[in-house]
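User: I'd like to learn how to read a structure like this one. Could you walk me through a few features?

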Amino acid sequence: MPSTNDSSVPTLGAMSDGEKTKDHYRIVVMGAAKVGKTAIVQQFLYDRFPLDHKATVEELHREEYEIGGCCLTLDILDTSGSYEFPAMRRLAISTGDGFVLVYSVDSNESFEEVRRLRELVLETRASAVPMVIVGNKCDVGDELRVVKKEIAEIIISIDWENGFVECSAKEDHNIMEIFKQLLVQAKISYDLSPAVKKRRSSLPHYPTSPSVKDKVLLKRNSCAVS
């Protein structure tokens, strides 16, 4: 797998008026184990929900979008939820342009892990970076939910001043909204709303192509290296 310490992917900070938007952007997905990080990534990129849990060490996915002759490359780094890889975690933070921090609405501890990860990002980075906090598994029902949406929204949106999305990777609910919010924060003027049916050149992780849905752009090429 290519090193995540890629000097060709500079950090994106706040852009001044007239400054050209970069065309290569790295999103780092972090959170505790079993909160659904990989499910969110796979649902966004491949329209699939993995039925079996498999612990992730680190996976880098790359997507290329083309609109009107302009190309945007998204690297999405799916990181481990284990505490066994602190060096990899810090490297991911140091090279990320934007962060998706995921917790599960049925786990208070996973929310506290997001709090710790957010603090680590702020400590590691010299300047503010785009960040969206995601509460996954909102489909579990009130009887299993322990992190209340109203309370989480106050903490994340008002106290932390970060983007907030509740989603269900299982039901493909609000997955696109996560990445839209990140690109808005990054001042990237690429539209990820439905335009035409997406086409993929390769899906190396899957033996057959997933279903085609109206989600993304004019041209989309995907690859993943694990």
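Predicted model: local features only at pLDDT ≥ 70, side-chain atom pairs only at ≥ 80, totals over all residues.

User: Let's start with a cysteine: is cysteine 138 buried, partly exposed or exposed?

Analyst: Residues are numbered from 1 along each chain as its sequence is written, and side-chain values use heavy atoms, with hydrogens and water left out. Buried means under 20% relative accessible area, exposed over 50%, and partly exposed in between, using a 1.4 Å probe and protein chains only. Cysteine 138 is partly exposed, at 23%.

User: How many disulfides does a search of the whole structure find?

Analyst: A disulfide is a covalent bond between the sulfur atoms of two cysteines. Here the test is a pair of cysteine sulfur atoms within 2.5 Å. The search finds 0. For cysteine 138, the closest cysteine sulfur is in cysteine 167, 6.3 Å away, which is too far for a bond. Cysteine 167 is buried, with a relative accessible area of 0%.

User: At what angle do helix H1 and helix H5 pack?

Analyst: Two packed helices are described by the angle between their axes and the distance between the axes. H1 (residues 37-46) and H5 (residues 175-185) pack at about 90 degrees, with axes 9 Å apart. That makes H1 roughly perpendicular to H5, a label for angles of 65 to 115 degrees. The axes are lines fitted to C-alpha atoms over the stretch in contact, and angles run from 0 to 180 degrees between N-to-C directions.

User: Which residues of H1 and H5 meet?

Analyst: Ile40, Gln43 and Phe44 in H1 meet Ile175, Met176, Ile178 and Phe179 in H5, where contact means heavy atoms within 4.5 Å. These residues divide into 6 nonpolar, 1 polar and no charged. Ala, Val, Leu, Ile, Met, Phe, Trp, Tyr, Cys and Pro count as nonpolar, Asp, Glu, Lys and Arg as charged, and the others, Gly among them, as polar.

User: What is phi of aspartate 47, and where is its place?

Analyst: Most residues other than glycine have a negative phi. Phi of aspartate 47 is positive, near 55 degrees. Aspartate 47 sits in the loop between H1 and strand S2 (58-67) and is buried, at 9%.

Note on methods:
Helix = DSSP H or I, 4+ residues; strand = E, 2+ residues; numbered from the N terminus. Parallel < 35°, antiparallel > 145°, perpendicular 65-115°, else oblique.
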